[in-house]
Amino acid sequence: MVRLRTAALPLALAVAVAITAPAATARQAATPVPFPTPATLPAATPRAGEPLAVVATTGILADFVRQVGGERVAVGTILPANADPHDFEPAPEDLVAVEDAAVVVQHGLGLDEWADDLIDNAGTDAAVVVATEGIATLASEDEEFAEGDPHVWFDPTRVRTMVDTIAAGLTAADPDGGASYAARAAAYQADLDALDAAIQRRIATIPEERRKLVTNHDALAYFADRYGLTVVGTVIPSLDTRAEPSAREIDALLGLIEAEGVTAIFAENTTSPDLAARLAEDAGVTIVDDLYTDSLGDEGSGADTYLGLMQTDTGVIVAALGGDAEAA
Ligand SMILES: [Zn+2]
């Protein structure tokens with residue numbers, strides 16, 4: 001009885017304070033409004049024997065596999081955090097990981113071609129799931145990317161389709177888990193929908209004339225397409241980070257930045273920001289160097305999951321372009 005009373009008292013006080021202090025509540029409008037908290041996904045049904053061994057080429061894909069598979073899967077990642085998938089060479093231990101996997105999840109669209117050799121050399125009979133299969137891509141003039149721009153994860157509605165493809169791939173390798181994979185995939189897709197809506201609300205707070213992006217390499221076309229931004233130009237004039245701009249291309253970009261009234265250049269976690277920083281200085285605009293593009297960030301960075309990456313980038317972009325990064 002005594003315990004019950006002492007526990008109940010602070011609660012009653014808290015309620016009273018909340019009711020009698022509307023002014024304080026109103027002032028809290030300036031408090032950051034977080035992105036919607038992802039729903040807790042349904043627990044995976046246990047798998048008889050060992051969890052399904054899955055290797056994903058990138059951390060973003062590994063996150064999707066974890067979301068869909070839960071405890072039923074053991075996921076390895078080849079590409080380390082902050083590493084550049086365009087310019088990556090697998091290590092010998094990556095071959096061992098692929099040899100031991102029951103399922104290999106590859107991105108496709110020319111982003112992780114290095115995995116082709118790895119899969120061939122491993123001589124594995126693992127199922128290979130190409131996560132971007134069947135996705136409508138944005139066209140590219142780049143011969144290297146004849147199937148279209150590979151940076152599809154910057155549109156959560158396209159990620160929905162990737163999640164379905166991954167769930168189907170896991171189910172083919174582990175049919176008993178089909179219902180579990182389907183339930184978790186559906187719950188995660190609801191998180192993707194909430195993310196998409198929250199990004200739209202935040203982008204809407206950027207003054208219309210400032211909804212323009214100059215990025216380091218051409219990674220954000222899907223984000224721009226989905227949320228009504230314009231990619232005015234890119235420092236590295238390619239979908240691939242290994243290209244280098246000519247002096248003429250740099251001059252042209254500086255001209256565009258001035259003509260379009262661009263206010264910031266966005267560098268990224270996977271590539272040196274030096275060139276972008278020099279250009280920003282020459283153009284007299286802000287350099288923002290903490291965008292996460294082709295790779296998740298370190299654990300604890302806030303961008304160590306796909307949802308975290310998208311939330312972080314949205315906050316960085318909205319703040320740099322004069323919007324309200326804390327819009328509800
Ligand atoms: Zn890229």
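## Exercises on a predicted model

In this predicted model, F64, V65, V68 and G69 of helix α3 meet M162, V163, I166, A167 and L170 of helix α6.

**Exercise 1. Describe the contact of α3 with α6: its residue classes, its crossing angle and its hand.**

Step 1. Sort the contact residues. Eight are nonpolar, one is polar and none is charged. Gly counts as polar, and G69 is one of the α3 residues in the contact.

Step 2. Take the axes. Helix α3 spans residues 59-69 and helix α6 spans residues 156-173. Their axes come within 10 Å and cross at roughly 65 degrees.

Step 3. Assign the hand. The crossing of α3 past α6 is right-handed.

**Exercise 2. Work out the strand order of the four-stranded open sheet, and find which strands stand at its edges.**

Step 1. Start with β5 and β6. They pair in the parallel sense, over four bridges. Within this pair, L213 stands opposite V231 of β6.

Step 2. Follow the chain between them. From β5 it passes through helix α8, residues 221-227, to β6. This β-α-β crossover is right-handed.

Step 3. Turn to β7. Two bridges join β5 (residues 212-215) to β7 (residues 264-268), again with parallel strands. T215 has F266 in β7 as its bridge partner.

Step 4. Write the order. It reads β6-β5-β7-β8, with parallel pairing. β6 (230-234) and β8 (286-291) are the edge strands; each has a single partner, so one side of each lacks a neighbour in the sheet. From one strand to the next, the twist averages 35 degrees.

**Exercise 3. Decide whether A276 is buried or exposed, and list what it touches.**

Step 1. Locate the residue. A276 belongs to helix α10, residues 274-283.

Step 2. Apply the cut-off. A residue is buried if 20 or more other C-beta atoms lie within 10 Å of its own. A276 has 24 C-beta neighbours inside 10 Å, so A276 is buried.

Step 3. List the contacts. Leaving out residues up to four places away in sequence, A276 touches N216, V235, I265, A267 and I287. Of these, I265 and A267 fall in β7, residues 264-268. I287 falls in β8 (286-291).

Step 4. Check one distance. T234 is 42 residues from A276 along the chain, yet their C-alpha atoms are separated by 9.1 Å.

Note on methods
Residues numbered from 1 in each chain as written. Predicted model: local features only at pLDDT ≥ 70, side-chain atom pairs only at ≥ 80, totals over all residues. Pairing = 2+ DSSP bridges. Axes fitted to C-alpha atoms, helices over the stretch in contact; angles between N-to-C directions. Right-handed = clockwise from strand over helix to strand, strands pointing away. Buried ≥ 20, exposed ≤ 12 C-beta atoms within 10 Å, placed from the backbone. Contact = placed C-beta atoms within 7 Å. Left-handed = near helix turned anticlockwise from the far one by under 90°.
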